[in-house]
Amino acid sequence: MKVVLAKKAGFCMGVRRAMQLALKAARTGPHPVFTYGPLIHNPQALDLLKSLGVEILKDIPEKGEGTVIIRAHGVPPEEKSRLINAGFKVIDGTCPRVIKVQKIVQRHAEDGYRIIIIGDKDHAEVIGILGHCRGKGIVVSDLRDIRELKDLQKYIIVSQTTQEEETFEFLSQEIVELFPGGQVFNTICNATHNRQAEVRRLAAEAEAIVVVGGKNSANTNRLAMVAREAGCQAYLVETESDIPREELSQFRRVGVTAGASTPNWMINRIVRILEDIRGKGEPFFFRWLRRAIRMAVEINLAVALSAALLGVFAQTALGQDPSLTWAFVAGGYAWVMHTINRLFDLESLKLNDPLRAAFFERHRLCFYLVAALVTGAILSLAFRAGSLPGGLLLTLLLLGSLYGFQALPPPLKHLLGYRALKEVPGGKMFFVALAWAATAAVVPGLTLGPRPSALAGVFVLAALLAYLRGILLEVLEVQGDGFVGKETLPVFLGEEKTLTIARWITGVLMVLGLILPAMGILPPSALAVFAGGIYLLFLIRVFAQRNPGQSFRLEILVEGLIPLTSAISLAIALYL
Ligand code: SF4
């Protein structure tokens, strides 16, 4: 069925930030690590935090040790002081937008204003804001509360950040009419506003809306309510077992949104299942085609194709006729390494793409058998070409297999501070890119004898292409990787900085793509990386605006990078 995703779905900025702080604290300590109250209203994410040793602190003890993370809702200042005085290291995860409201009320309370907070009396954020009002705050939830207001002269009105726009407008107008002269601060967070506005838009174009999120989450329930008020059938889905498959199969087009505390992997999981349901009148062929593409990506054929075509690009950029044998060696190497590492590291895949993880687990033996056959085939091809390419490929296979093992000798461990290559922060894609470039350019280069400067140039271009492909794919898996403690570049630096780095590296790639052919170091076919760079800039832009649940489509787009560059380099070589 056709699934239309809301652009603003899943973790909002504040929740994402608090979650990152909690994950970092789980890794670095001091331990034990607590969140003061549940970090988010999502049982699956809370279970995962618990499995990482992050417990929930309900009451503040007299004495404590370890780390406490204050959640995005914030707390009254006295509670923060009590946590510090009890002996905890306190990490303040209060959302910057909530801090802004706290500062507004605090400043006005100090200037003698009364503070009206429009919101839910029992909500943690409202309790926190009230704590910053120096005893001058009053919470208003409905008209009854307004009737109890007396003698308001110098006052301001603020709102809970997740308040509904209409309710805030209505209640604040009522108050100002009764007590003229009050200043109104609309402090509703635009994340909430945009999300609700988008659900209304989605309701107009879809026949039904699926809201993914915790059943106890207020903002998730509110999204379902907004969809129903807009006249659309709405289903609240916490896990895949809640999906009403029969009912949904009556629709052609279903919209999907998610509450601010819903993790990406849950949205991905639900979207995948929804896309698999045969919608009303959906042609069988499209469903079959989608499944075939998905299968190719899932069993790493897309990875193998990318690596094989990187080999084609490398040979073309070296001014040689592409050889199918070396393309097979490069593709086979990438497939074996990728598959083996997936099989050894199913934990993060279970979070990012649980259905794919289940597929790998089910066919584990089969994957190992095929990996052994492919390894034998590519090694025999490389050794038949010569002992140098064969020896290099064997070394790369051994290094790739040892990537996840604590295999570095103690002196190196002492020097670097790591026992395994995979522990080097942000290092995974760096090593993968070097290995891909080596199999694509250097292994065949050892038999074909290109100039060293040309070989070095092609090696760098191939490594940059492979690196950029890799870090974009890592951005898609950032939440799952973060939960299992993988130090990928996006986990280490954050998505935004990773995309900025990707932009800079793309710039370097494009400049090299122009300079190396202009200097005569490489033939004109190397200009293809300039076109690849333009495609990369487009991809990075799409990534910066992406929404969760799009991971699979974006993965296909990323896997298009190397085939596109390779096709352009072949076309230039043929034309010239
Ligand atoms: S909804 Fe807005 S204010 Fe609340 S945590 Fe998210 S970003 Fe912050």
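**Domains, cores and a ligand shell**

Nine residues of domain 1 and 10 residues of domain 2 make up the contact. Keep in mind that this is a predicted model.

How much area do domain 1 and domain 2 bury between them? About 670 Å², with 64% of it on carbon and sulfur atoms.

Next, the inside. Nonpolar side chains tend to be buried together in soluble globular proteins. Here, the largest nonpolar core has 60 residues. Met19, Val210, Ile243, Leu248, Val256, Ile270 and Leu274 touch the most other members. Where does this core lie? Domain 1 and domain 3 both give residues to it, so the core lies between them.

Take Ile270 as a close-up. Beyond its neighbours within four places in sequence, Ile270 contacts Val210, Val212, Val237, Thr239, Glu240 and Ile243. Another core lies apart from the largest one. That other core has 48 residues, including Ala317, Trp436, Leu516 and Ile540.

Last stop, the ligand. Which residues surround the ligand? They are Cys12, Gly14, Ala72, Cys95, Arg97, Val98, Thr161, Cys189 and Thr192. By class, that shell has five nonpolar, three polar and one charged residues.

Methods:
Residues are numbered from 1 along each chain as its sequence is written. This is a predicted model: local features need pLDDT of at least 70, side-chain atom pairs count only at pLDDT 80 or more; totals for chains, interfaces and linings use all residues. Side-chain values use heavy atoms; hydrogens and water are left out. A nonpolar core is a set of buried Ala, Val, Leu, Ile, Met, Phe, Trp, Tyr and Cys residues joined through side-chain atoms within 4.5 Å. Buried means under 20% relative accessible area, exposed over 50%, partly exposed in between (1.4 Å probe, protein chains only). Domain bounds come from an automatic or database domain assignment. Contact means heavy atoms within 4.5 Å. A residue is near a molecule or strand if one of its heavy atoms lies within 4 Å of it. Ala, Val, Leu, Ile, Met, Phe, Trp, Tyr, Cys and Pro count as nonpolar, Asp, Glu, Lys and Arg as charged, and the others, Gly among them, as polar. Buried area is the accessible area (1.4 Å probe) that two parts lose on being put together, summed over both.
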